[in-house]
Amino acid sequence: MWPIIMAILRRNAVYITLPIAGVVGFIGYNLESLLSDKYTPYSKSIQENRAERLTEDLANAAQVEKLRLKENVLERNLSPSLQKKM
């Protein structure tokens with residue numbers, strides 16, 4: 001009996017797998033919509049972040065001296081541990 005059933009399934013595999021895949025996909029889609037959290041938190045856009053950063057840079061006029069070009073361009077963004085001791 002099993003060889004006959006397997007032969008039928010093998011011969012009609014294309015017609016059997018599509019409805020099974022559709023049912024599994026439908027169940028998975030609905031299960032995910034029930035279990036998942038649909039809330040997406042708000043995050044600022046890149047343009048808003050840039051505008052805030054620019055206003056902070058303009059507000060901090062005291063830091064302008066630090067941002068000026070030094071003798072060596074590579075010394076501009078050195079970590080504190082690599083800076084020369086004065």
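**Close-up views of a predicted helical chain**

**View 1. Confidence along the predicted model.** Within the chain of this predicted model, helix α2 (residues 13-35) has the highest confidence, with a mean of 92, and helix α4 (residues 64-67) the lowest, at 60. The average pLDDT of the chain is 82, and 80% of the residues score at least 70. Where pLDDT is low, the predicted coordinates should not be read in detail.

**View 2. Secondary structure and exposure of the chain.** The chain contains four helices and zero strands, giving the order α-α-α-α from the N terminus on. Of its 86 residues, 0% count as buried. The chain exposes about 8,900 Å², of which 64% is supplied by carbon and sulfur atoms.

View 3. An unreviewed UniProt entry lists residues 12-31 under "transmembrane region". In the model, residues 12-31 are 95% helix and 0% strand.

View 4. Trp2, Met6 and Leu9 together form a nonpolar patch on the surface. The accessible area of these three residues together is about 360 Å². Leu9 is located in helix α1, which covers residues 2-11. Leu9 counts as partly exposed because its relative accessibility is 39%, a value between the cut-offs of 20% for buried and 50% for exposed.

Terms used: Residues numbered from 1 in each chain as written. Predicted model: local features only at pLDDT ≥ 70, side-chain atom pairs only at ≥ 80, totals over all residues. Heavy atoms only, no water. Patch = residues over 30% accessible without salt bridge, like charges linked within 9 Å, V, L, I, M, F, W, Y side chains within 5 Å. Areas by Shrake-Rupley, 256 points an atom, 1.4 Å probe, with all protein chains shown as cover. Salt bridge = Lys/Arg side-chain N within 4 Å of Asp/Glu carboxyl O. Helix = DSSP H or I, 4+ residues; strand = E, 2+ residues; numbered from the N terminus. Buried < 20%, exposed > 50% of the residue type's maximum accessible area, 1.4 Å probe, protein only. UniProt positions renumbered as here; feature names shortened; annotations may be inferred. pLDDT = per-residue confidence, 0-100.
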